[in-house]
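Colleague: I've got a new model on my screen and a few things to ask about it. Could you walk me through how you reach your conclusions?

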Amino acid sequence: MIPKHSIISKITESKVVAVIRGEDSGEAVQLSKAALEGGISAIELTYTTPNIGEVFRELRTTEALLGAGSVLDAETARHAMLAGAQFIVSPYFNPDVAVLCNRYGIPYLPGCMTVRDMVTALEHGCDVLKLFPASEFPPSFIRSVNGPVPNARIMPTGGINLENINEWLQAGAVAVGIGSDLNKAYRNGSYQAVVELCRQYTDRVTQVSEGVR
C-alpha cells in the first residue's frame, strides 16, 4: 500500500485530476486511458458511472493513481477501497467517510464551500479540500481562505477549463479537477481528442510551474 502522504504528494505534483464520469463502464475506461496517454496520471472514477467496479479492474494494471469520486457514504468508500481506490473524493464532507479513510490511511478529499466546511474537514484529518463547485467562486477565494486558514490546501473542481486553469493554479490551488471538458471532447472527437485535450492541460501546468502567464 502506498503511504497516504505519498498519494497526496502525487496529486499535488501532477496538479490535474481527471474526473471520469462515463455513461457506461466502457466509456469510462476509454476516457481514463486517453487521460493517461495525454499525461494525466491522477484518475478519479466517479460512482455515478454504471458498473464502476469493472473500470477499476480494467485500470488496476496501469500506472494510474486511481481514486473514487462521488462517494456519498462510508459503505461506498469501503467498496472503492476494496476495488483499488487510493484516494476518496466526495461532493461534501462526511464524517463517517473521514473516520473510515483515516482508519485505513487513505486520503479523503471532501467537497467544501465555506470556511466552516474546510476547518471541519481539516479537524477530521483531510489533507486536501475540494472546492466544489468552483464555478461559484473566483480564484482569489483561495487566498482569502488561506489568510485565516493557511494550512488549507484547496483543489477547485467544477468549472475548471483551459481558459482559467492558470489563474486557479497561480491563485494557490494545489491541484484542479477537470471533468466535463473530457466528456465533451470524447463525444465530439472521440478518444484522440481527449488525449490532445489532456496534453493541453499538462502544458498549462508546465507554463505555470515555469512562471509563464
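Colleague: To start, how many helices and strands are there in the protein chain?

Modeller: Keep in mind that this is a predicted model. The protein chain has nine helices and eight strands.

Colleague: How do you know whether the radius of gyration of the protein chain agrees with a compact globule?

Modeller: You set one value against the other. For 213 residues, a compact globule would come out near 17 Å, and the protein chain has 16 Å, so the two agree. Along its principal axes, the C-alpha trace spans about 45 × 45 × 30 Å.

Colleague: What makes a residue count as buried, and what share of the 213 residues is buried?

Modeller: Buried means under 20% relative accessible area. In the protein chain, 53% of the 213 residues are buried.

Colleague: Why is strand 5 called largely enclosed by the rest of the structure?

Modeller: Strand 5 covers residues 108–112, and five of the five are buried, so the strand is largely enclosed. Tyr108, Pro110 and Cys112 point one way, Leu109 and Gly111 point the other way, and all are buried.

Colleague: What makes strand 4 and strand 5 a pair?

Modeller: A pair needs at least two bridges. Strand 4, residues 87–90, and strand 5 have three bridges, so they count as paired, in the parallel sense. Ile88 stands opposite Tyr108 in strand 5.

Technical notes:
Residues are numbered from 1 along each chain as its sequence is written. This is a predicted model: local features need pLDDT of at least 70, side-chain atom pairs count only at pLDDT 80 or more; totals for chains, interfaces and linings use all residues. Side-chain values use heavy atoms; hydrogens and water are left out. Helices (H or I, at least four residues) and strands (E, at least two) are DSSP runs, numbered from the N terminus. The radius of gyration is taken over C-alpha atoms; the globule rule is 2.2 Å times the number of residues to the power 0.38. Buried means under 20% relative accessible area, exposed over 50%, partly exposed in between (1.4 Å probe, protein chains only).
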